[in-house]
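Please keep the sequence and the structure in view as you read.

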Amino acid sequence: MLPAENRLRQRHDFSNVYARGDRYRGHYIRLRIYNTGNSAIASKIGIVISKKISKSAVTRNRIKRQLRAIFRQLLSQLKQGLQIVVTVSTLEGSPNYLQLQEDLTKLSIEAKILHGS
């Protein structure tokens, strides 16, 4: 699990990110990032996987667990004051943990949400 202060939970927060956030697209995932402008608060992350992607709850939950684990590793490098929504766009080819990590890291660097990028 992600720490409580790093979880995006409220519907209006998701709507705000969808309406105002910048978009980045990778092979397996899409990122929407909204900079709140307040670097005093922790960045918040939400993960979305539609039933269109996989009918199996087991598969959807496995991907969510993997994405949360990847973000736990990146939390110390993540800039503050961001709201991030990660949407899984396809599971074509059944991506493993390393492929998801590579895709997310590449998008994070492209979006410049990591310190030093």
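## A residue in helix 3

Q99 is partly exposed, with a relative accessible area of 33%; here buried means under 20% relative accessible area, exposed means over 50%, and partly exposed lies in between, for a 1.4 Å probe and protein chains only. Q99 belongs to helix 3 (residues 97-111), where helices (H or I, at least four residues) and strands (E, at least two) are DSSP runs numbered from the N terminus. Apart from its neighbours within four places in sequence, Q99 is in contact, meaning heavy atoms within 4.5 Å, with Y28 and S94. Although Q99 and Y28 are 71 residues apart along the chain, their C-alpha atoms are separated by 8.5 Å.

The model is predicted, so local features need pLDDT of at least 70 and side-chain atom pairs count only at pLDDT 80 or more, whereas totals for chains, interfaces and linings use all residues. Residues are numbered from 1 along each chain as its sequence is written, and side-chain values use heavy atoms, with hydrogens and water left out.

Strands pair if DSSP finds at least two bridges between them. Strand 2 and strand 4 run antiparallel and are joined by seven bridges, and the bridge partner of R30 in strand 4 is T87. Strand 3 and strand 4, in contrast, run parallel and are joined by five bridges, with V48 standing opposite T87.

## The buried side of helix 1

In helix 1 (residues 11-20), the buried residues are D13, F14 and V17. They lie on the same side of the helix because they cover an arc of only 100° around the axis, the arc being that of the directions from the helix axis to the C-beta atoms. These buried residues pack against strand 2 (29-35), strand 3 (44-48) and strand 4 (82-88), whereas the face turned away from them carries the exposed residues R11, H12, A19 and R20.
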